[in-house]
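This briefing accompanies the sequence and structure shown below. It is arranged by topic, beginning with the interfaces between chains.

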Amino acid sequence: MMRLFLAVLFLAAPVFGQPVVDQAGREVVLPRAPQRVVSLHGGASWIVYALGAGDLLVGAYFASLPSLPLAADALGGLDPRYRDKELPVKPTVEALVALRPDVVLASSVVHGESLASLLGEVRIPTVLYYPETLPGIEEAILLTGKLLGREERATALVGRFRDIVARVSAGTEKRTPRPRVYFAAYTAQNVYAGDVIQNVLIELAGGIPLGKALAPRPGLFWQRVDPEGILVWDPEVILVPVYSRASPTTFFTDPIWQGVTAVRTKRVYRFPEFFAAWDIPGPEVVLGLLWLAETLHPGSTGLDLVSEVVRFYEEFYGAKLAHNDVAALFGR
Amino acid sequence: MRRPTFAWGVLLLPLPVVFLALMVGRYPISPGEVWAALTGGEVAEVVRALVLRIRLPRVGAAALVGANLAVAGAVYQGVFRNPLVEGRLLGVSSGAGLGAALAFLLYRQPVVVQAFAFTGGIAGVALTSLLGWAFGAGVLVLVIAGVLVDSFLSAVLGIVKYAADPLGTLPAITYWLLGGLSGVRAPDLLPLGIASAIGLSFFLLFRWRVNLLTLADQEAEALGVRVRVTRFLVVGMGTLLVASAVSVSGIVSWVGLLVPHAARAVVGPDYARLLPAAAGVGAALVVVLDTVARTALTAEIPLGVLTGLLGAPLFLVLFLRFLRERGGWR
Amino acid sequence: MTLRTKDLVYAYVPGRPVLRRVSLDLRSRETTFLLGPNGSGKTTFLDCAGGLRAPGEGEVLLEDHPLASFSARQRARLVGYVPQFHEPPFNFTAWEVVLMGRAPYVRWLSQPSARDRAAAAEALTALSLEGFRDRPYYTLSGGERRLVLVARGLAQGAAFLLLDEPDAHLDPANQHRVLRAVQEVVAKGLGAGVSSHSPNNALLYADRVALFSSGEILATGVPSAVVTPPLLERAYGIPFVAVGDGNGPRAVLPSLT
């Protein structure tokens with residue numbers, strides 16, 4: 001606290017130097033506009049790119065890198081050196097210091113106060129992120145905007161973000177019947193449990209998240225379901241994320257699942273990805289929401305998915321994607 | 001004492017190791033710069049901060065953690081007359097884990113977590129001792145009480161984890177339990193330093209009399225040792241060492257078990273020589289391993305993983321040697 | 001000096017005493033053997049006489065001072081104890097084991113002094129164990145281990161030494177070496193109490209014998225007076241015959257008829 005107080009006292013500068021409250025409720029002061037940024041939070045890394053500040057990144061943790069050639073090309077266009085910047089989620093402090101960052105964006109869960117106070121010893125400010133909900137993602141975008149001096153753009157992006165969320169929820173609010181949706185996690189029989197963002201997306205998109213009622217395993221976000229439980233639930237839609245060990249084929253071939261409505265009606269889907277998986281907290285979650293709403297209730301949002309995707313990457317990342325290429329990703 | 005100077009020589013082993021460890025890191029700093037930073041010479045501000053405020057506290061903590069775990073392990077092996085025990089025998093780690101978990105639930109500042117972990121560790125052993133004392137303070141009873149308390153506190157820790165916020169507090173608890181010294185800062189060293197100074201200097205003075213506690217209770221009584229009181233004090237001091245180490249490093253396996261045997265292989269079982277040697281070997285070993293943990297990869301390698309990788313095979317070698325020497329297990 | 005026990009009563013289980021009013025004096029320059037069947041109270045008696053167990057009734061006096069009035073440390077300087085079994089968890093050397101006998105002289109938070117080392121070295125010499133000084137305990141034979149323990153008792157510098165079956169599990173030569181060594185230190189002024197299952201060893205090495213039976217002493221006296229077929233039969237419950245050369249028995253054996 002004392003150090004913070006002194007920092008406020010002595011380092012206050014006209015534009016920067018105002019305390020910013022991060023997502024762990026800490027006050028952080030940046031003496032000047034950062035020129036070198038390290039992000040150790042997957043979501044925050046994409047937000048930095050979204051704010052057009054990719055050139056400021058000197059090191060970044062990406063929870064996953066794009067596997068689609070189209071997305072990899074697009075990212076290469078945004079930042080040709082992104083592969084050199086990749087960091088592990090918990091780099092050593094000295095590896096961080098060696099990058100000489102002006103600010104480190106970190107996870108309040110994975111890194112927390114412990115890393116922040118250690119970096120404080122070498123006078124590197126740390127901002128902690130916790131964007132695990134939709135409002136949390138909006139907050140993270142605005143926070144990063146403030147930190148990087150790009151508040152205007154951040155506000156505009158959040159506006160677009162809210163816009164899409166509002167369009168989706170308005171479109172799906174009254175839609176019935178609401179299908180029972182099973183969001184698999186890392187394997188077919190692990191379902192996202194509790195209030196994780198995947199279940200929030202299902203509800204907003206007009207579905208019933210089957211895993212929501214379960215308590216997640218300690219330290220994890222999912223719970224295991226036994227075969228009988230699956231038959232009792234009888235999911236009508238099954239979602240499989242790209243990072244899962246399971247794939248739609250798993251469900252179509254494993255005998256346990258053959259009696260399930262979703263398998264019989266062939267409503268087992270890969271949850272899409274582009275830069276990151278669309279169900280992982282970050283700006284692209286809003287596209288995941290839109291895609292899911294259009295998948296559960298086609299036509300409900302009144303938006304054209306492909307056009308919205310092209311528009312999103314142009315608005316958020318300045319990446320110009322060809323309409324046909326994107327349409328091909330969705331088999332259209 | 002046949003080789004006293006040798007054992008004390010081992011106690012000095014950490015000094016060069018610590019100095020070498022200060023030279024090594026992901027951030028390139030030349031030995032000359034390290035020296036300048038240590039002696040207050042002319043050097044870039046970031047280099048000085050790195051050496052004095054990042055590397056030095058961490059290396060110091062590693063040395064103290066290693067010495068504490070090794071000395072406590074050696075002492076516990078004698079007091080409990082069992083070469084397979086270590087300092088965590090009496091519920092100190094589950095107590096510390098529970099304390100840390102509660103601190104994460106209530107208030108997440110690292111200092112508070114450390115204080116809670118330390119208190120929890122002491123409380124765990126106190127509970128064990130209370131149970132053991134109630135049933136006669138025999139060695140076996142204490143060990144059984146330790147197993148009971150350990151499993152009970154682990155269950156309570158399970159409840160706390162279950163109650164914790166799965167998106168925030170819970171992962172923090174899990175990361176803490178994994179252990180390691182990556183977050184150590186100079187202020188964290190103060191309580192560890194005080195506890196280590198008390199515990200280590202006690203054992204370095206008391207070291208010869210630890211021999212007497214390896215005797216059967218009646219044998220020791222016949223030699224004028226007040227066994228219950230002495231054992232209580234020695235276990236208390238051992239707990240101070242382990243709890244203070246665990247509260248900073250989390251669970252670091254094997255050191256408390258392995259280092260005493262390694263030191264015995266060099267200087268023999270006499271505690272008068274063993275304890276200085278164990279302190280030296282323990283400190284040097286953990287400093288070396290932690291240096292690997294923080295420099296081998298860009299990412300931090302959990303210290304417990306390294307000690308485990310090294311510990312199991314090395315222990316097998318030492319233990320086979322021990323068995324051969326004793327001519328079998330019984 | 002005399003280590004005197006008066007009317008000792010001791011019960012592990014209330015109402016079932018293993019010692020019933022036992023009185024026996026151990027004297028300096030005397031080896032007193034305690035004979036008697038298993039469970040007759042010999043070991044319990046040694047524990048009480050050594051101050052390791054507090055008797056339920058009666059008292060232990062060292063030259064008119066109750067043993068219980070001494071601190072543990074003072075007591076250990078007066079009465080030493082040589083256990084039957086010694087199984088250290090670690091392989092201490094003979095020297096390290098013997099040096100532990102100096103515990104009552106080494107103050108808390110200090111190490112054995114030069115005087116303590118000299119006393120331990122002297123004890124090793126007294127039992128001709130100099131050659132075993134640096135041998136690890138578990139590499140020693142049963143007889144050598146027993147001698148090392150006697151040396152530890154000697155290093156303790158006590159006026160009395162209590163030995164719990166020092167001749168158990170040893171071959172005749174080693175029994176002889178150990179008991180001979182006890183005789184030699186007794187000749188230099190110590191008093192020894194030795195529990196044993198061998199009446200013949202009592203005949204060979206004892207100055208006095210106390211014959212225990214069911215927690216009481218049947219007889220006390222010189223070996224030739226106590227180690228006799230009638231008394232042994234009363235104690236052990238089987239007939240014995242004496243083998244002798246006219247000057248009293250040389251040995252007693254169970255009668256085969």
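How many residues does the contact take from chain B, and how many from chain A? The model, which is predicted, has 27 residues from chain B and 27 residues from chain A in this contact. Of the two pairs of chains in contact, chains A and B share the most contacts. Chain A and chain C are not joined by any contact, and their closest C-alpha atoms are 39 Å apart.

**Chain B facing chain A**

- On the side of chain B that touches chain A, at least two residues each come from helix H4 (45-79), helix H7 (139-163) and helix H8 (169-178) of chain B.
- H4(B) provides the largest share of that side, with five residues.
- By residue class, the side of chain B that touches chain A consists of 13 nonpolar, seven polar and seven charged residues.

**Chain B facing chain C**

- The contact between chains B and C involves 27 residues of chain B and 26 residues of chain C.
- Four helices of chain B, namely H4, helix H9 (186-213), helix H10 (217-222) and helix H14 (303-326), each contribute at least two residues to the side of chain B that touches chain C.
- H9(B) gives the largest share of that side, five residues.
- The residues on the side of chain B that touches chain C comprise eleven nonpolar, eight polar and eight charged.

**Helix packing in chain B**

- H9(B) packs against helix H13 (residues 271-295) of chain B at an angle of about 145 degrees, and the two axes are 7 Å apart.
- From H9(B), the residues making this contact are B:Leu200, B:Phe203, B:Leu204, B:Arg207, B:Trp208, B:Val210 and B:Asn211, while H13(B) contributes B:Tyr271, B:Ala272, B:Leu275, B:Pro276 and B:Ala279.
- Sorted by class, the residues of the contact of H9(B) with H13(B) are ten nonpolar, one polar and one charged.

**Nonpolar core**

- The largest nonpolar core contains 288 residues, and B:Val71, B:Ala278, C:Val98 and C:Ala151 have the most contacts inside it.
- H4(B) supplies the largest share of this core, 18 residues.
- Leaving aside residues up to four places away in sequence, C:Val98 touches C:Ala120, C:Ala123, C:Leu124, C:Val148, C:Ala151, C:Arg152 and C:Ala155.

**Overall form of chain C**

- Nine helices and twelve strands make up the secondary structure of chain C.
- Chain C has a radius of gyration of 18 Å, close to the 18 Å that the globule rule gives for 257 residues, so chain C is as compact as a globular protein of that length.
- The C-alpha trace of chain C spans about 60 × 40 × 30 Å along its principal axes.
- Buried residues account for 47% of the 257 residues of chain C.
- Of the contacts in chain C between residues at least 6 apart in sequence, 64% link residues at least 24 apart.

**Sheet of chain C**

- An open sheet of six strands in chain C has the order S6-S7-S8-S3-S9-S10, with mixed pairing.
- Strand S6 (79-82) and strand S10 (216-221) of chain C are its edge strands, each pairing on one side only.
- From one strand to the next, the twist averages 15 degrees.
- S6(C) pairs with strand S7 (residues 160-164) of chain C in the parallel sense over four bridges.
- C:Leu162 in S7(C) stands opposite C:Tyr81.

**Sheet and helices of chain A**

- In chain A, four strands form an open sheet with parallel pairing, in the order S9-S7-S11-S12.
- Strand S9 (208-209) and strand S12 (268-270) of chain A are at the edges with a single partner strand each, so one side of each has no neighbour in the sheet.
- Three bridges join strand S7 (residues 180-183) and strand S11 (residues 237-240) of chain A in the parallel sense.
- A:Tyr182 has A:Ile238 in S11(A) as its bridge partner.
- Helix H8 (residues 197-204) of chain A lies across S7 and S9 of chain A and runs at about 155 degrees to S7(A).
- A:Arg160 belongs to helix H7 (residues 151-172) of chain A and counts as partly exposed, because A:Arg160 has 15 C-beta neighbours inside 10 Å.
- A:Arg160 and A:Val240 are 80 residues apart along the chain, and their C-alpha atoms are separated by 27 Å.

Terms used: Residues are numbered from 1 along each chain as its sequence is written. Chains are lettered from A and ligands numbered from 1 in the order in which they are written. This is a predicted model: local features need pLDDT of at least 70, side-chain atom pairs count only at pLDDT 80 or more; totals for chains, interfaces and linings use all residues. Two residues are in contact if their C-beta atoms, placed from the backbone, lie within 7 Å. Ala, Val, Leu, Ile, Met, Phe, Trp, Tyr, Cys and Pro count as nonpolar, Asp, Glu, Lys and Arg as charged, and the others, Gly among them, as polar. The radius of gyration is taken over C-alpha atoms; the globule rule is 2.2 Å times the number of residues to the power 0.38. A residue is buried if 20 or more other C-beta atoms lie within 10 Å of its own, exposed if 12 or fewer, and partly exposed in between; C-beta atoms are placed from the backbone. Two strands pair if DSSP finds at least two bridges between them. Axes are lines fitted to C-alpha atoms, for helices over the stretch in contact, and angles run from 0 to 180 degrees between N-to-C directions. A nonpolar core is a set of buried Ala, Val, Leu, Ile, Met, Phe, Trp, Tyr and Cys residues joined through C-beta atoms within 7 Å.
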